[in-house]
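Student: I'd like to learn how to read the contacts in a model like this one. Could we go through it together?
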Amino acid sequence: MHDAISLPHERLRTVTARLLVATGATETDAVIVADHLVDANLSGHDSHGVGMLPQYVRAIRSGAVDPRAHARIEDRGGAVLSVDGQRGFGQVVAREATAAGMERARSTGVALVALRNASHVGRIGAYGEQAAGAGFASVHFVNVVGHPALVAPFRGSDARFSTNPVCVTVPPANGRPAVVLDFATSVAALGKARVAMNRGEAMAEGLLIDAQGCPTTDPKVMFQEPRGALLAFGLHKGYGLALACELLAGAMTGGGTLSTVPFETDRIGNNMLSFLFDPQRLPGAGHLEEEVAAAIGHVKASPPADPSLPVLVAGEPERAARAKRVAEGIPVERATWEQIREVAESVGMRLENS
Ligand code: NAD
C-alpha cells in the first residue's frame, strides 16, 4: 500500500478553494474549480484531482492561466456556438460553454459547441454529467495544446499528440443513472503516471515507451528528459480516435493542434468540440427508457468470467468510488500532499501535515 493520508472531501474542497483565491481567483470560480477537482478525486480519478493544484498555481503565476477570465460566447447561427475560453480556468469556461450549449439545445434540439483556448478542463465526464443532469445526451472530443506531446501514434516511437479524451453520455431515466463513458485515448492518462511516480510504483506493461521507443513500466520516463511516450489504447483504433480529437477539437474549433500551437511553459490548453442533443426529439424517444434499461440489463447479465468482477457499465466505477470516498475520505499520497503544502505556503497559506 502506498504512503497516503485520508482527507474528508469537505476539507479538500476548502483548502483547494482557499488556495485558488489566494492565487487570484474569485470566490465563486475558486469553488467551481475546487468542486471539480475534488469530485475527480471522489470519482476515483486522482490523476485529475487536487494533485493538479501545483501545476495550476504555476500556470497562473506564469500567465498561462487567467484566473479571472470567462467564456466569450459567439452565436454562429442555428445550433452552432463558438466559445473563446480566453485562457480562463478550464473548469469555469467549459462549464459556461456547456451551459450555453444546453440552452441552445433546448430550442434547437441539438447544439454544437466549439470551445477553444481553455486552460485544462479536467475530467470531461463532468461536462457530460452537467448535460445529462438536464436530460441531454452528449458527445465531447478534446485535444491538448501548448503542452509537450505525450502520446506516440500507432507504429511511431515518439510522442506527437496528447492524451486527447473522449466522452459520451446518455442521460438518466426511470431511476437509472446516466451512462458516462469518459476516457483518455492513451492507455493511461499522464496523471496516472504522475500518481504512480509519487507512489513509487511501476506502471503496468503496455502503457509506456521510453525515449528510445522501447516498452517500459517506469513512470519516470514521462517526467525526465529525454522523454518517453504513452501509447494510444487499442492499437490503430485508439490512435485513430486520438487523431480525430486533434482534428475535431483542435482544427475545427480554431484552437489549433499540437503541430501548430507552440509549447508554453506551464500551459495545458484544452479545446473541446461538444455535441449536445435532446433524445426526446428522436424517434426512439417513445421507448427510450425501456430500450436503454433493457440494453444495459442485457449486457450486465453476462456471467462474469471472474465471479468477483461483475460486468459494469460506464459511470458505475465512478459512482462506487464516490460512495466509498465520501464515507471514508480521499486517499492523497504524501508526496502529492507535500507538493500541495509547498504551493500553499508559497501563497502564504499554512496547511497542517495531514
Ligand atoms: P479510465 O481508463 O479510468 O476509464 C474511465 C472510463 O471507463 C469511465 O467511463 C468508466 O466508467 C469506464 N470504466 C472503467 N472501468 C470499467 C469497467 N470495468 N466496465 C465498464 N466501464 C468501465 O480513464 P482515463 O483514460 O484514465 O481518464 C481519466 C480521466 O482523465 C477522464 O475523466 C478524462 O476525461 C480525463 N482526461 C482529461 C484530459 C484533459 O486534457 N483535460 C486528458 C486526458 C484524460
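This is a predicted model: local features need pLDDT of at least 70, side-chain atom pairs count only at pLDDT 80 or more; totals for chains, interfaces and linings use all residues.

Student: How many salt bridges does the rule find across the interface of domain 1 and domain 2?

Tutor: It finds 2. The domain bounds come from an automatic or database domain assignment, which gives domain 1 as 1-62 + 315-354 and domain 2 as 70-186 + 232-282. Arg-322 forms a salt bridge with Glu-129, with 3.1 Å between the closest N and O atoms. On the side of domain 1 that touches domain 2, the elements giving two or more residues are α2, α3 (53-62) and α9 (316-328); helices are DSSP runs of H or I with at least four residues, strands are runs of E with at least two, and both are numbered from the N terminus.

Student: And how do I judge the size of an interface?

Tutor: It is often given as the accessible area lost when the parts come together. Using a 1.4 Å probe and summing over both parts, domain 1 and domain 2 bury about 1,600 Å² between them, 60% of it on carbon and sulfur atoms. Counting contacts (heavy atoms within 4.5 Å), 22 residues of domain 1 meet 19 residues of domain 2.

Student: Which parts of the chain does the salt bridge between Asp-182 and Arg-123 tie together?

Tutor: The closest N and O atoms of Asp-182 and Arg-123 are 3.9 Å apart. Asp-182 lies in strand β8 and Arg-123 in the loop between β4 (110-119) and α5, so the pair ties together parts that are 59 residues apart in sequence. For burial, take relative accessible area: under 20% is buried, over 50% exposed, and in between partly exposed (1.4 Å probe, protein chains only). Asp-182 counts as buried at 18%, and Arg-123 counts as buried at 6%.

Student: What about Glu-328 and Lys-324: where do they lie?

Tutor: Both are in helix α9, 4 residues apart, about one turn of the helix. Glu-328 is exposed at 53%, and Lys-324 is partly exposed at 49%.

Conventions:
Residues are numbered from 1 along each chain as its sequence is written. Side-chain values use heavy atoms; hydrogens and water are left out. Buried area is the accessible area (1.4 Å probe) that two parts lose on being put together, summed over both. A salt bridge is a side-chain nitrogen of Lys or Arg within 4 Å of a carboxyl oxygen of Asp or Glu.
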